[in-house]
Amino acid sequence: MKISEQWLREWVNPALTSEELAHQITMAGLEVDAIDPVAGAFSEVVVAKIISAQPHPDADKLRVCQVDAGSEIVQIVCGAPNAREGLVAPLAKVGAVLPGDFRIKPAKLRGVESSGMLCASKELGISEDNDGLMELAADAPIGADLREYLALDDKVIEIGLTPNRADCLGMTGIAREVGLLNALPVQPPTFDKVSATIEDVLAVELQAPDRCPRYLGRVIRGVDVSRPSPLWLQEKLRRSGIRSIDAVVDVTNYVLLELGQPMHAFDLDRLQGGIVVRTAQPGESLELLDGQTVELKPETLVIADHSGPLAIAGIMGGEASAVSENSRNILLEAAFFNPDMLSGKARSYGLHTESSHRFERGVDFELQEAAMERASQLLLDIVGGEAGPIAQAVSAENLPQRPAVRLRKDRIARMLGLELPDAEVERIFTGLGLGVSASDDGWVCSVPSWRFDMAIEADLLEELARVYGYNRLPATNIRAELVMPARSEAQLSIRPLRRHLAARGYREAITYSFVDPQLQRLFDPEISPVALSNPISSDMAVMRTSLLPGLVGAVLRNTNRQQPRTRLFETGLRFVPSEQGLLQVPTLAMVITGQRFGESWAVASQAADFFDLKGDVESVFALNRDPDGVQFSPGQSPALHPGQTANIIRRGETVGRLGALHPTAQAELDLAAPLFLCEIDLDAVLAGSVPSFAELSRFPGVRRDLAIVVDKSVAAADVVANVRATAGSYLRDLRLFDVYEGKGIDPKRKSLALGLTFRDHSRTLGEEDVNQAVNQVIDSLQKNFKAELRN
């Protein structure tokens, strides 16, 4: 946002230098990025008029001009293409000094004397335009000092506004801030309502009131667009970074800069029927003012007549209905568009305009009528014409509702560390435009229509701190009664979990909570994720319901950069829609691919497999001192291999899934090696048990190994569970140490080798004790699984 300092001081004029004013604005939260003079340093440059312009006798591109400098007639040799009789332009007289310490001296050009130089804008440091002489108004006072005539002793203040301060995207908002900071009254320009002198009204229909709840239009007939904008208006636009086009466009741009309300004008004679505010229909296109033709998307809001779209609402008008030098009748519009509905629409077409910049952040929804009156008054003064009454269409129920926000007096001292007098609090809030009423414990404030960033008590406290001065807030030590919250000893901290996985060769990854919808659909096709209304990019358009899409994306980036052996883990939130609302589920995810071990002469090269990741998962659950509380059972998942997928079960509840990436998904993602992944509810991983002491036995243990043959369909986990249940109280350890299929075994069966360790705390176990327990195990296995001892 660029503003002229002189223009600002017309509204409010504090006794501050330019630098002090910029510092004050910055400390109030409106950061000043730059302060630049509106023109370069020059002297002895006056307003002059070319009386005659004759071709140079020895140069085709030069003209010999007789120039009236006010006090004398001088001869100037000029090569500008627009040098012509009657042109009023700046003249640097002999002895003048131009920017860059360039001094003007008498000279001869191709044998013809030249006593000075006619100047372009760039040569004076006014703009970058160097196509020809700077053309001044025909009625400019000849001989007047150019710097005084154009009021060039001015500076442009460039303010970098944050998105929440859309109220300062106009001179009204900036002046309001400066007036409040300096306790000075603001003196905005006064204007009266324009009385209708004709009865012409164009009907307005709101077909999308949720997107455009207010639209105003006014017919003005008999305008003369050929009349130029007055110098003061052109200069204010130029100093705000907007070039002058014609009087109608200049007026709408001026109102945008002055009040913050974007406006647009249509050529009335090119419209058919009334105005319809609606969404675009399939197959519609529009040629825009910048010359490009765009295919309108169905969700795009357009301003249309009865023949088709005229403009993309809040972004840019169409060429077919644009005001031209031949226009005699115009329709002036002002509207309020819902910022949430308009957000991101300009970017989707590759556009960014002054209008879209303001509408996306929020325009005062009560400003449209005042803006219409201001623009009407300026147009009638500049281009003439007759105005009709204002036609207004409003959907009151769709206009924003301004909240009443309560501020408790004691919160000021508690949150800001200072005591503010009640009168000062009320002065600040009143100066910001809030309605203030006292309550028993503070104030209740009604938020003005131009502030979309005030909704809670903290917002009011921020305004107090900002206006009072962040640099004036006292520095105080934080004082509070801090009570350490009770924490269960059974709950594992996430820090040792991270250290444990790092020790096993994993690297922690932190991925975005926004993921590619296609990748998200690959892992969770049955869940409709929350879509972002204004995504950063198309591949970050939905909120993740699984951590796996982000980790798989990280694996892809690593493998594409010659890192084939990758082990990653992440702890974070999944965002799962449910009947109770959006659930945010803490989750642990792990992925591995490539070789089992890093390249080394000490170990053979072997690819990682399902059981490597399963072992890592078991080691994670061993951290919570309840390793036997987790089981694995066959499972199914659309993204995982149907034969290598397991559900992770803890205490009878499924808490995660584990498996190999489905071959189809692997091919689709162009992964060369198999990828194994798991996802577990983090709360289940961290929920442990309180450690307790168990006396170590002084007596030796007795081990028995059993090799049994069972059907291939029998799960080893079921066999192990059966053995634990029947082996008796002496069993201390049970391990499955071999699974064999092949020669000597029925093709439909497999051999499982189990190691059972028995021990008692009070005595050495005898053979009969151990044999009895082993026989119980064998009998149970034979009965439940038709197991046979392998010879």
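Buried means under 20% relative accessible area. Keep that cut-off handy for these exercises on a predicted model.

**Exercise 1.** Is Tyr 254 buried or exposed?

*Solution.* Start with the value: Tyr 254 has a relative accessible area of 2%. The cut-off for buried is under 20%, so Tyr 254 counts as buried.

**Exercise 2.** Work out how the rings of Trp 7 and Tyr 254 are arranged, and which parts of the chain they tie together.

*Solution.* There are six aromatic pairs in the structure. For Trp 7 and Tyr 254, the ring centres sit 5.3 Å apart and the planes are at 15 degrees. Planes under 30 degrees apart count as stacked, so this pair is stacked. Next, place the residues: Trp 7 belongs to helix H1 (residues 5–11) and Tyr 254 to helix H6 (residues 247–259), so the pair ties together parts 247 residues apart in sequence. Trp 7, at 2% relative accessibility, is buried. Finally, bring in Trp 232: with Trp 7 and Tyr 254 it forms one aromatic cluster.

**Exercise 3.** Which ring face does Arg 472 lie over?

*Solution.* Arg 472 lies over the face of Tyr 468, 4.0 Å from the ring centre.

Conventions: Residues are numbered from 1 along each chain as its sequence is written. This is a predicted model: local features need pLDDT of at least 70, side-chain atom pairs count only at pLDDT 80 or more; totals for chains, interfaces and linings use all residues. Side-chain values use heavy atoms; hydrogens and water are left out. Rings of Phe, Tyr and Trp (its six-membered ring) pair if their centres lie within 6.5 Å; planes under 30 degrees apart count as stacked, over 60 as edge-to-face and the rest as tilted. Helices (H or I, at least four residues) and strands (E, at least two) are DSSP runs, numbered from the N terminus. Buried means under 20% relative accessible area, exposed over 50%, partly exposed in between (1.4 Å probe, protein chains only). A charge sits over a ring if NZ of Lys or CZ of Arg is within 6 Å of the ring centre and within 35 degrees of the ring normal.
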